[in-house]
Amino acid sequence: MLQQTPVSRVLSIWPDWVRRWPTASATAAATAADVLRAWGKLGYPRRAKRLHECATIIARDHDDVVPDDVETLVTLPGVGSYTARAVACFAYGRRVPVVDTNVRRVVARVVHGRADAGVPSAARDHADVLALLPNSAVAKQFSVALMELGATVCTARGPHCGSCPLSDCAWRTAGYPAAAGPSRRVQTYAGTDRQVRGRLLDVLRDKDSPVSRAELDVAWLTDVAQRDRALASLLVDGLVTRTPDGRFALAGEE
Ligand code: SF4
């Protein structure tokens with residue numbers, strides 16, 4: 001849920017979710033449509049489908065227990081290197097680098113004396129953070145602290161150096177040299193295919209039975225070709241299915 005989504009938004013559904021489905025096997029026993037409906041407007045709904053598949057495999061192959069090592073975690077649906085590392089580190093206390101945008105920026109400034117992190121490189125970024133991780137039981141706390149420092153103090157636009165707990169920072173010592181490349185554009189949501197996909201899923205979530213094509217069509221009248229493309233992609237992703245009589249339903253609900 002937290003992949004590309006802030007904690008504040010996830011908190012609106014997470015407590016009810018874990019009350020309803022406290023284990024992987026409980027999630028696996030739900031239908032894909034139930035899971036998509038509970039996902040609500042959290043966005044990136046493919047994650048909900050992957051989470052359901054992931055729960056099914058954990059229940060079936062791992063005795064209903066989330067694996068604790070990165071190598072096994074990355075074999076699960078929807079779990080990439082970052083999520084696997086976050087689970088291994090934050091849930092199980094493993095000493096593995098967890099590198100997000102905030103961490104990369106802090107390392108670039110503190111260690112390399114640069115304003116921003118530049119192009120990501122998993123091997124280099126992990127090696128950088130591994131070199132900083134304490135070789136002890138507090139590696140987990142260190143990882144959380146590094147991430148929070150980047151999120152709350154060493155922010156992208158205005159680092160609060162006056163309240164920074166670090167006494168040594170290469171970028172500060174060098175007099176804050178400017179970033180080398182152009183600043184990155186902020187991605188907008190309005191008008192994107194993602195927004196259209198969300199509108200179409202809203203229609204299906206609000207109904208207990210399949211809907212007609214016309215009911216879906218009114219969800220997005222701004223750009224008909226874009227709406228058709230969004231619907232086609234939902235069908236390809238397996239989030240929406242077509243019933244034998246030509247109507248549309250959430251996956252598993254036809
Ligand atoms: S001193 Fe400033 S630039 Fe350096 S890590 Fe702290 S907040 Fe970031």
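User: Which residue just after H4 takes a positive phi?
Analyst: Glycine 40 does, with a phi of about 60°, and it sits just after H4, where helices (H or I, at least four residues) and strands (E, at least two) are DSSP runs numbered from the N terminus. This is a predicted model, in which local features need pLDDT of at least 70 and side-chain atom pairs count only at pLDDT 80 or more, while totals for chains, interfaces and linings use all residues. Residues are numbered from 1 along each chain as its sequence is written.

User: Which residues of H4 are buried?
Analyst: In H4, residues 32–39, the buried ones are Ala33, Val35, Leu36 and Trp39, where buried means that 20 or more other C-beta atoms lie within 10 Å of the residue's own, exposed means 12 or fewer, and partly exposed is in between, with C-beta atoms placed from the backbone. They lie on the same side of H4 because they cover an arc of only 160° around the axis, the arc being that of the directions from the helix axis to the C-beta atoms.

User: And what covers them?
Analyst: The cover over the buried residues of H4 includes helix H3 (24–29), helix H5 (46–61) and strand E2 (248–250).

User: What lies across the chain from glycine 40, say aspartate 202, and how far apart are the C-alpha atoms?
Analyst: The C-alpha atoms of aspartate 202 and glycine 40 are separated by 8.0 Å, although the two residues are 162 apart along the chain. Aspartate 202 belongs to helix H12, residues 193–205, and it counts as exposed because it has 12 C-beta neighbours inside 10 Å.

User: How is the protein divided into domains?
Analyst: The assignment gives domain 1 (7–92), domain 2 (101–174) and domain 3 (193–250), with bounds that come from an automatic or database domain assignment. The C-alpha centres of domain 1 and domain 3 lie 24 Å apart, and eight residues of domain 1 are in contact with seven residues of domain 3, contact meaning that the C-beta atoms, placed from the backbone, lie within 7 Å.

User: Which elements of domain 1 touch domain 3?
Analyst: H4 and H5 are the elements that give two or more residues to that side of domain 1, and H4 gives the most, with three residues. By class, the side of domain 1 that touches domain 3 has three nonpolar, one polar and four charged residues; here Ala, Val, Leu, Ile, Met, Phe, Trp, Tyr, Cys and Pro count as nonpolar, Asp, Glu, Lys and Arg as charged, and the others, Gly among them, as polar.

User: Switching to the ligand, which residues come nearest?
Analyst: Of the 13 residues around the ligand, Cys154, Pro159, Cys161, Cys164 and Cys169 come nearest, where a residue is near a molecule if its C-beta atom, placed from the backbone, lies within 6 Å of it. The shell divides into 10 nonpolar, one polar and two charged residues.

User: Which helices supply that shell?
Analyst: Helix H8 (101–110) and helix H11 (170–173) each supply at least two residues, and the largest share, three residues, comes from H8.

User: Back to phi, what about aspartate 64?
Analyst: Aspartate 64 has a positive phi of about 70° although it is not a glycine. Aspartate 64 is in the loop between H5 and helix H6 (70–73), and it counts as partly exposed because it has 14 C-beta neighbours inside 10 Å.

Methods: Two residues are in contact if their C-beta atoms, placed from the backbone, lie within 7 Å.
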